[in-house]
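Have a look at it first, and then we'll walk through it piece by piece.

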Amino acid sequence: MSNILAIYKREINGYFATPVAYVFIVIFLMLTGVFTFYLGGLFERGQADLQPFFAYLPWLYLFLIPALSMRLWAEERKSGSIELLMTLPISVTQAVLGKFIASWLFVGLALLLTFPLWITVNYLGSPDNPVIFSGYLAAFLMAGAYLAIGSCISAITRNQVIAFVISVVISFLFILSGFPLVLDFFEGWAPQILIDAISSMSFLTHFNTIVKGVIDLRDIIYFVSFIGCWLLANVILVEMKKAD
Amino acid sequence: MIEVQNLSKQFGAFNAVSDISFTVNKGEVLGFLGPNGAGKSTTMKMITGFLAPNSGTVKVCGSDVIKSPIAVKKSIGYLPEGAPAYGDMTVVNFLKFVAEIRGFSGAEKTKRIENAIQKANLEGVVHKTIETLSKGFKRRVGLAQSILHDPPVLVMDEPTDGLDPNQKHEVRLLIKEMAKNKAIIISTHILEEVDAICDRAIIIAQGKVKFDGTPEELESLSEYHNSVRLRLDGYPSLNAENLLKRLPGVKKVEHVNSKDERTTYRIYGGEKDLLKEVSRLAQKEQWVIDEIAVEKGHLDDVFRQLTTEQEAEG
Ligand SMILES: Nc1ncnc2c1ncn2[C@@H]1O[C@H](COP(=O)(O)OP(=O)(O)OP(=O)(O)O)[C@@H](O)[C@H]1O
Ligand SMILES: [Mg+2]
């Protein structure tokens, strides 16, 4: 536990020791503003809620989160510091968890900093605050899912650009898999059970239910087990590829 | 404290390390020598649990590196090749991180860090970011990190590479001082270093052990070992060579050169009191001796001989 904490502290300090943290947070806040007010038309809708903000979030994550996660392991391998890390008395699991938790809480901080949006809608009207809370929960859980993919992919290469591109593509597939376009592709030749499985794999399906204010245990379990699976793969990959 | 048995590592079809065995005891400094690509770093990576061997076992302080990696990593201080570190951290924050992972906290942590900083002579750069440090300072940060927890076993991959002569001297002193109650493995390309700090040397080439013994034994492999170098003023008659040859125990006399009004011979014999015999002869013949000395042996010749002969065979 104290090892996870030490890794976590190093990572978080690393974000703020370099411009990464500031660039990410500023861009994130700017883009959420643009999406919510201009594209989403928060004012024009005449409704006091944050639906436009949450509706664009999966697409915003699609590019910003892989940009954050690409360095997690690729940089360690590129600089050789992985040799130092992996010869310290810690397990790979502890290292993976420490890094993941740091990045997850960091995105959580970025989400918290969107609080002016929440103040705005509360100022303009009387929104359903429990639904907004549920939306933030969904946003946080989904960020974890994106990060877990990104962290795992970042372990397969020492090149951050490759890690970024592959993470974006894979995350994109997990958004798309709920869309009719993708499901049509499987229609006809794949068994129905597979199609249902693919559709239930989508982030969007689960994200949207929680955003609507329905906190269903199944959706939470989906995200938690999704994160768990990718981090498990992450541990295995680090173990396999650390010295390549 | 370190037991390496039949260790092998392949990268694809390439044998980087084949069937290496040795042990290092407490109080011993083992020098690892070998040409570039010999497999020194690969062996060290397997000892420290970074690379998994294809076959063979490594035991450190009684624990097997595959079965109980954490226990092994706890008892080792490791300076990897190139001394990698987290470039975006300051020296003191980096050492704090390592100290925390090594399980220190509070006053003990502060004391350990101060001690490591002082031993590695890092006082002037503690608040600098590691990536802005010069090569030698980066290596000293790696050194500080490896000795922070006062481990019973130290594995150092080229610890003096990139250090200035003063620092090289300091680091050698430090290693010597720590050697009393530790088992230490260092790799180096500096042959004099083996003489200066190692109790034992292993030479590997193409992943195989070519030599395992004391630095003195290594020197004795040199054809110059115990030969006498004699430099005389002027140009003595050709007969001088014959006279030298006739001395008891002399196997060969080599006329090295004649220049600057001096003549140099090398007398091979191997007997202990060859020097006495030669100087007695010189006295009798009234040669004017400019210099006379027993050669210890040229390590670089031995090194070249040991590490290239295999290539000729294969
Ligand atoms: N990850 C790897 N994949 C493939 N080959 C490797 C890998 N690591 C090392 N090698 C090869 O194994 C051989 C031994 O390398 P190693 O780094 O152990 O040499 P070394 O003795 O430390 O050399 P040097 O004196 O240059 O540091 C080299 O031929 C190297 O190319
Ligand atoms: Mg090496």
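## Where the chains meet

How much area do chain B and chain A bury between them? The answer is about 2200 Å², and 67% of it is on carbon and sulfur atoms. Keep in mind as you read that this is a predicted model. As for why area is the number to quote, the size of an interface is often given as the accessible area lost when the parts come together.

Counting by contacts, 22 residues of chain B touch 24 residues of chain A.

## Charges and polar pairs

There's some charge pairing here too: the count between chain B and chain A is 3 salt bridges. One of the salt bridges joins D88(B) to R10(A), and the closest N and O atoms of that pair are 3.8 Å apart.

The largest share comes from α3(B), with 5 residues. Sorted by class, that side of chain B has 13 nonpolar residues, 3 polar ones and 6 charged ones.

## Who surrounds the ligand

Now for ligand 1, which lies between chains A and B. There are 15 residues around it, and the ones that come nearest are K40(B), S41(B), T42(B), E81(B) and H189(B).

The largest share, 3 residues, belongs to α1(B). By class, the shell around ligand 1 splits into 6 nonpolar, 6 polar and 3 charged residues.

## Polar touches on the ligand

Let's zoom in on some atoms. An oxygen atom of ligand 1 sits 2.6 Å from an N or O atom in the side chain of E81(B). H189(B) has a polar side-chain atom 2.8 Å from an oxygen atom of the ligand. With G39(B) the backbone is involved: one of its polar backbone atoms is 2.9 Å from an oxygen atom of ligand 1.

And how much of the ligand gets covered? Taken alone, ligand 1 exposes 640 Å², and the protein buries 68% of that.

Conventions. Residues are numbered from 1 along each chain as its sequence is written. Chains are lettered from A and ligands numbered from 1 in the order in which they are written. This is a predicted model: local features need pLDDT of at least 70, side-chain atom pairs count only at pLDDT 80 or more; totals for chains, interfaces and linings use all residues. Side-chain values use heavy atoms; hydrogens and water are left out. Contact means heavy atoms within 4.5 Å. Buried area is the accessible area (1.4 Å probe) that two parts lose on being put together, summed over both. A salt bridge is a side-chain nitrogen of Lys or Arg within 4 Å of a carboxyl oxygen of Asp or Glu. Helices (H or I, at least four residues) and strands (E, at least two) are DSSP runs, numbered from the N terminus. Ala, Val, Leu, Ile, Met, Phe, Trp, Tyr, Cys and Pro count as nonpolar, Asp, Glu, Lys and Arg as charged, and the others, Gly among them, as polar. A residue is near a molecule or strand if one of its heavy atoms lies within 4 Å of it. A polar contact is a pair of N or O atoms within 3.5 Å; within protein, one must be able to donate a hydrogen and the other to accept it, and residues adjacent in sequence count only if both atoms are side-chain atoms. Accessible areas come from the Shrake-Rupley method with a 1.4 Å probe; for residues, only the protein chains shown count as cover.
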